[in-house]
Amino acid sequence: MTASLTLVVLMAVLFGAGISIMLERSLTRVLIGFLLVGNAVNILIYLMSGTPGLAPILSEGVDPDEISDPLPQAFVLTAIVINLGITAFMLALIYRSWWLAQLGTKGDLVDDEEEDVQDAEEAADLIRSSAADDAAIQEIIDASDEEPDEGFEEELELEASARDRSDGGDER
């Protein structure tokens with residue numbers, strides 16, 4: 001058998017085994033079958049590229065007919081990258097289905113009661129601290145003997161009305 005015929009037989013065996021394994025229901029077997037078919041496609045592209053030749057670099061004294069075609073090499077690299085991406089996706093699906101199978105009837109609804117209790121305690125602490133802050137500020141205000149100026153309230157009202165007029169003009 002020549003090298004090409006060996007590769008043709010190997011490609012056929014990989015295609016056959018990959019497709020038969022992909023017909024199983026197990027996601028792991030589907031992944032293995034997909035990997036076999038991906039490798040068979042790479043061998044097919046290699047076989048279809050023609051006879052090997054010189055490196056695909058055109059320089060002086062090199063006949064363009066003796067150069068090997070670089071396009072099949074690019075196709076094989078692209079197929080490898082696509083195969084890797086789909087393999088990663090399939091592994092994520094396999095892990096997700098395994099995780100859901102471990103949870104049983106609960107499914108995605110896993111409650112973290114400890115986190116809920118901790119969040120509730122933190123919220124209660126925040127409410128208590130803000131109430132204590134408000135009380136401390138009110139005590140400081142009550143203890144203060146400063147009185148606002150007589151025209152202070154009128155100035156605040158004029159500033160507020162001017163701000164309202166300028167805000168109203170921007171919206172139109």
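This is a predicted model: local features need pLDDT of at least 70, side-chain atom pairs count only at pLDDT 80 or more; totals for chains, interfaces and linings use all residues.

Reader: What share of the 172 residues counts as buried?

Author: A residue counts as buried when its relative accessible area is under 20%. The chain exposes about 14000 Å², with carbon and sulfur atoms supplying 61% of that area. Of the 172 residues, the buried share is 11%.

Reader: Is Thr87 buried or exposed, and which residues is Thr87 in contact with, leaving aside neighbours within four places in sequence?

Author: Thr87 is found in helix α3, which spans residues 71-103. Its relative accessible area is 12%, so Thr87 is buried. Leaving aside neighbours within four places in sequence, the residues in contact with Thr87 are Leu31, Phe34 and Leu35.

Reader: Where is Asn42 found, and which residues is Asn42 in contact with beyond four places in sequence?

Author: Asn42 is found in helix α2, residues 27-48. Asn42 has a relative accessible area of 12% and is therefore buried. Once neighbours within four places in sequence are left aside, Asn42 is in contact with Val76, Ala79 and Ile80.

Reader: How many salt bridges does a search of the whole structure find?

Author: Glu24 is partly exposed at 39% relative accessibility, and Arg29 is partly exposed at 46%. Another salt bridge is formed by Arg128 and Asp125. The search of the whole structure finds two.

Reader: How far apart are the closest N and O atoms of Arg128 and Asp125, and what separates the two residues in helix α4?

Author: Arg128 counts as exposed at 53% relative accessibility, whereas Asp125 is partly exposed at 41%. Arg128 and Asp125 are three residues apart in helix α4, so about one helical turn separates them. The distance between their closest N and O atoms is 2.7 Å.

Reader: Which residues form the negative surface patch, and why can Asp119 qualify on accessible area?

Author: Asp119 is found in helix α4, residues 113-143. A patch residue needs over 30% relative accessible area, and Asp119 qualifies on that count because its value is 46%, which is partly exposed. The negative surface patch is formed by Asp112, Glu113, Glu114, Glu115, Asp116, Asp119, Glu121 and Glu122.

Terms used:
Residues are numbered from 1 along each chain as its sequence is written. Side-chain values use heavy atoms; hydrogens and water are left out. Patches are made of residues with over 30% relative accessible area and no salt bridge: like charges are joined within 9 Å, nonpolar side chains (Val, Leu, Ile, Met, Phe, Trp, Tyr) within 5 Å. Accessible areas come from the Shrake-Rupley method with a 1.4 Å probe; for residues, only the protein chains shown count as cover. A salt bridge is a side-chain nitrogen of Lys or Arg within 4 Å of a carboxyl oxygen of Asp or Glu. Lys and Arg count as positive and Asp and Glu as negative; His and the chain ends are not counted. The place of a charge is taken as NZ of Lys, CZ of Arg, CG of Asp or CD of Glu. Helices (H or I, at least four residues) and strands (E, at least two) are DSSP runs, numbered from the N terminus. Buried means under 20% relative accessible area, exposed over 50%, partly exposed in between (1.4 Å probe, protein chains only). Contact means heavy atoms within 4.5 Å.
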